[in-house]
Amino acid sequence: FPSSTYVKLWADTQRELDIMLQREREEFLQPEEDREKVMKMLATAYIQYLEILRNLEEAHDHLIHQQKRAAVRQVLDGVIGRILEIKKEMVALEKSECHHMEDILMDLQRVPEDIDIPIPKYFVKENLSILQDREKFLDEILLNAGLLEQEAVTAMTLEEGIKVVQVAERARQGRARAAFMKRIYLEEKRQSQKEDQAMGKNPDDAATCIQKVWRGYRQRKETEKLREEEMVFLGMNSAEMINGTGSLPPDLEAMSCLQIGAGKANVLQGEVQEREEPSFRHELRQTEGSHIKETLQDQISQCFIECRHITGRFPDYPPENTGGSKAIFIEKHPEQVAEELAAKREAEKKEKEKNGKEEKERPEVKKPPKVGKQIVDESWKMGPSNFLSILEEGSSQYKVFWENRDNRSDFLQDHDPELIKEGEREEVEDEIRVQVDEVMQEKLLKLKQAVDGETGARQGKAGKGEKLKKKKERHRKPRKGGHENLMMSLACRTIDSLYQELAEAGLLIKVKNVNLSDYIGYYDCLRNIPRQAGAQPMPSIPEVRQLVTLYGILPLGSQTVHENAPLVKSLLLAGPAGVGKKMLVHAICTETGANLFNLTPSNIGGKYPGRDGLLMLFHMILKVGKELQPSVVWIGGTERLYSKGAPKGEEEMNAKRLARILPPFLRALKPKDRVLLVGTTARPFDANPGPFFKVFQKIILIPKPDYLTRCGKYFTASLWKRCILQGGGALSRLVNLSCLAHVSDGFTQGHIVDSVHTVLSELRLLQMPRKPLRTAEFVTSLARHDPVYKEEEETFQ
């Protein structure tokens with residue numbers, strides 16, 4: 001197996017990454033006033049980072065050395081985060097989610113497909129067993145609750161039932177008779193053996209036995225030969241072809257050997273990747289435990305002495321909830337703290353004096369001239385990054401592997417004990433630190449008593465203050481709604497019980513297994529729509545896939561990316577009915593292994609009534625979603641949550657009460673919580689724009705399919721062709737895909753799918769061998785739907 005190929009790919013990609021980091025230090029840190037130059041620089045970096053991401057993902061997926069995979073994974077997360085940061089700068093610069101990068105692609109000699117964003121396989125692969133167990137648990141809950149449809153069972157007629165009973169009874173009788181005949185046969189065989197021993201063996205019987213064995217052997221060989229010839233003819237076997245030459249053609253033989261080798265390598269690769277690394281914690285405790293303990297005690301004692309020398313008294317020992325003695329070394333040195341406080345006070349004093357003088361003698365300030373809506377003297381500068389340090393650390397980690405270790409073609413590469421020890425040494429140190437904290441806390445109390453004469457009165461006063469504070473809180477009026485009781489009741493429940501309750505209520509639903517690549521669409525290089533003032537251009541389907549990947553899939557798939565990248569808590573998919581908004585929601589969950597909560601107003605009707613009920617529902621979703629992250633909360637028809645006017649029906653009442661709880665729900669989500677709110681709407685213009693846009697951070701417009709998508713790229717994978725083949729139909733010369741693509745202009749993907757399903761009924765599929773499909777059948781079915789007119793499409797912009 002060519003393991004060195006992926007190590008080499010990793011090495012080449014790492015060198016490209018080093019070049020990119022050097023460019024960022026030289027170009028991105030300098031202020032720039034030319035916005036076009038800035039945009040070109042950002043777009044170039046964006047495309048190059050995507051190429052690095054694609055290569056790193058391929059190397060990470062095929063490397064089997066676990067420590068090398070961990071090093072590549074760190075850089076992979078850093079590159080993903082940097083792409084998201086650059087995308088944020090590009091959006092802020094152009095005030096648009098869609099960018100025209102055709103000129104830059106030509107300069108870099110890239111094709112439009114190179115800006116497709118790869119989805120790392122480790123999002124699901126590393127948690128596959130957990131996801132499979134969770135899916136089985138959900139299926140069991142839904143089956144017991146009657147919410148999951150089992151495979152359809154057709155009712156039998158009386159004649160069919162009688163036939164099944166007859167077959168079963170005859171099989172039982174046959175088994176009983178076979179057992180009876182076997183007993184008779186064994187009895188006769190034993191009897192004949194006794195007679196042979198008494199009379200001696202017959203030469204004719206011996207010859208018959210030999211003939212029987214030989215004929216059986218020869219027939220088996222002939223059958224094996226015929227089967228081998230058939231498999232070779234079908235291209236499914238690489239054994240010798242019995243054709244006089246005794247071998248396969250060279251091209252077929254090479255292809256078959258590669259396929260067999262790749263299959264064996266994939267199986268072995270999966271087994272090796274799942275190996276667990278050995279642990280050296282016990283060895284580290286025995287060999288280095290005493291040294292670590294003495295070092296920690298010396299450091300803490302020295303810190304106590306320095307603090308008393310500067311402040312005049314010993315410090316209070318940090319409590320356990322802040323990390324214990326670890327907090328001492330995280331904080332700055334006492335001298336540094338004192339100097340910074342003094343400098344801060346001096347700066348604040350000077351600032352106040354300066355502001356007082358300016359307030360007295362402030363001249364009239366003239367507004368700078370404007371060009372359009374942009375200020376002329378405003379210059380751009382790249383903001384700080386949370387991922388450059390991760391990339392630099394990953395680069396140094398790569399050098400450790402590449403320069404100091406053997407990277408030859410070795411499939412079963414073993415671990416490096418020293419690297420494992422480096423990672424486990426910190427964990428052993430944290431375990432020993434807990435014991436050291438107990439000893440040093442007692443030692444600090446004794447030092448305070450012996451040197452300063454403190455007897456714990458300070459702690460007693462603090463305790464008295466805390467008692468007074470608690471006494472005031474007891475006299476405070478309780479809140480309405482029993483929020484505290486609600487939280488206590490939820491805290492006492494297990495995650496499994498909450499998970500089961502949400503699933504039985506139909507709020508935690510099963511995810512449809514669809515990938516983002518199933519949302520087909522192609523780049524149209526001739527598409528160049530001029531942007532109107534104040535309007536967002538309608539993106540193409542490939543751009544929709546990119547935006548869904550950037551704002552939905554990549555942050556949810558990686559904890560490191562979600563915590564450090566620009567935080568997106570909510571996403572809105574807006575477009576006409578039938579363009580695939582629900583499919584994209586399920587694709588986000590499929591690609592990341594996320595749970596899916598359905599809070600569409602029609603789905604929560606009659607469930608958890610009142611404000612307290614809705615509050616309890618969201619607390620349950622928060623608890624389950626955070627514990628079993630990643631999770632997606634989906635709300636369909638979000639325009640009803642913020643509709644204009646008073647609510648009229650029960651469903652609108654549910655939508656209004658849902659709208660009031662969304663802002664606190666989003667505030668409760670922290671960067672560490674991989675929970676995403678996704679809304680879908682077919683009429684966003686019916687909602688009040690103010691509160692509507694405050695809830696959803698990112699809005700992605702979903703277009704109807706263009707001609708290239710409907711007809712297919714080079715007529716190979718069109719939407720029409722895919723739907724017909726998946727429905728069981730067969731294409732012939734009587735089906736003109738180009739004609740269907742022209743006729744279906746203005747119709748959505750849902751219209752096309754429904755038309756194909758209507759035509760390809762069970763009866764029509766049976767008639768297809770003698771009556772091939774025709775173009776007119778699909779046109780007639782499509783004519784029953786109303787297309788999306790240009791006026792409606794323009795309202796989304």
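Me: What should I know about the model before starting?
Reply: This is a predicted model, where local features need pLDDT of at least 70, side-chain atom pairs count only at pLDDT 80 or more, and totals for chains, interfaces and linings use all residues. Side-chain values use heavy atoms, without hydrogens and water, and residues are numbered from 1 along each chain.

Me: What is the volume of the largest pocket?
Reply: On a 1 Å grid over the protein atoms alone, a pocket is an open set of points with protein on both sides within 12 Å along at least five of seven lines. Volume is the space filled by probe spheres set on the points. For the largest pocket that gives about 990 Å³.

Me: Which residues are closest to the centre of the largest pocket?
Reply: Lining residues have an atom within 4 Å of a point, and the largest pocket has 37 of them. The closest to its centre are K512, G580, K582, M583 and H586.

Me: Is T680 buried or exposed?
Reply: Buried means under 20% relative accessible area and exposed over 50%, with a 1.4 Å probe and protein chains only. T680 has 5% relative accessibility, so this residue counts as buried.

Me: How many cavities of 30 Å³ or more are there?
Reply: A cavity is a set of points where a 1.4 Å probe fits but cannot get out. The largest cavity holds about 310 Å³, and H99, E102, I115, Y523 and E543 lie nearest its centre. The count of cavities of 30 Å³ or more comes to four.
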